[in-house]
Amino acid sequence: NSNNNNNTINRRMKHDALQIIHKSIQAVDPYAAVKSHLKLVKDGNNVVLQVGSDTSTTIQEYSLQDYDKIVLIAFGKASSAMATAVVQQLDDIDNDNQGKKDTMGVCICKDDHATQDEILTLEAFGCSLLNASHPVPDERSSQAAQQALELVQQHASPSTLVLCCISGGGSALFCSPRSPLTLKDLQDTNQGLLASGMSIQDCNV
């Protein structure tokens with residue numbers, strides 16, 4: 001009986017541990033996080049984009065009838081997953097009598113971090129997916145950042161809704177140093193910090 005009780009307790013503990021791990025992974029999944037913080041809500045004949053979770057102290061609302069264009073900018077190691085979540089949430093706009101919206105964007109992610117499904121989804125939205133280097137920025141990081149900035153500058157207007165998703169690694173992937181600071185300055189500093197053995201928290205400070 002003692003062995004049976006121990007086996008039952010062990011199975012229960014294993015089940016509980018796996019549940020905790022599963023829920024923890026779900027909680028930090030970038031796709032799920034964005035989906036839960038970005039919602040389309042019908043308001044009569046209009047559709048409102050709500051940004052924020054049910055537990056947020058403030059929720060931002062954007063009436064989509066006020067916008068002709070939607071520009072999506074995303075950068076970071078989780079940017080392709082986050083941007084895909086945004087695109088899929090916005091996919092029903094045309095079905096809600098909002099009229100056709102011009103959509104475009106730039107998503108900057110680490111090499112080989114975007115799945116083929118994410119790439120196809122973002123391309124259909126008009127979002128260019130650009131690869132760059134992490135943790136040390138490279139010339140592609142600077143070029144991609146410039147492309148993102150130019151896209152926003154080109155389309156910035158009161159009738160353009162700009163959505164921006166930023167995740168960890170964004171400072172390397174979206175790198176736009178201002179003179180006299182150069183890309184090499186940032187590369188040398190980053191490499192020095194990484195070689196020092198400092199924690200990521202201290203490096204970021």
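Three helices, α6 (170–173), α7 (183–196) and α8 (200–204), each contribute two or more residues to the lining of the largest pocket. Helices here are DSSP runs of H or I of at least four residues, strands are E runs of at least two, and both are numbered from the N terminus. The model is predicted, so local features need pLDDT of at least 70 and side-chain atom pairs pLDDT 80 or more, while totals for chains, interfaces and linings use all residues. Residues are numbered from 1 along each chain as its sequence is written, and side-chain values use heavy atoms, without hydrogens and water.

A pocket is an open set of points on a 1 Å grid over the protein atoms alone, with protein on both sides within 12 Å along at least five of seven lines; lining residues have an atom within 4 Å of a point. The lining comprises 20 residues, with P135, S171, A172, N190 and N204 nearest the centre. Helix α7 supplies the largest share, 5 residues. By type, the lining holds 11 nonpolar, 8 polar and 1 charged.

I turn now to the nonpolar cores. Such a core is a set of buried (under 20% relative accessible area, 1.4 Å probe, protein chains only) Ala, Val, Leu, Ile, Met, Phe, Trp, Tyr and Cys residues joined through side-chain atoms within 4.5 Å. The largest has 22 residues, and L49, L72, V86, L90, F125, L161 and L163 touch the most other members. Helix α3 gives the most to this core, 6 residues. Setting aside residues up to four places away in sequence, L90 touches L40, L49, I70, F125 and L163, where contact means heavy atoms within 4.5 Å. A second, separate core of 12 residues includes V71, V106, L130 and L151.

Methods
On a 1 Å grid over the protein atoms alone, a cavity is a set of points where a 1.4 Å probe fits but cannot get out, and a pocket is an open set with protein on both sides within 12 Å along at least five of seven lines; lining residues have an atom within 4 Å of a point. Ala, Val, Leu, Ile, Met, Phe, Trp, Tyr, Cys and Pro count as nonpolar, Asp, Glu, Lys and Arg as charged, and the others, Gly among them, as polar. Buried means under 20% relative accessible area, exposed over 50%, partly exposed in between (1.4 Å probe, protein chains only).
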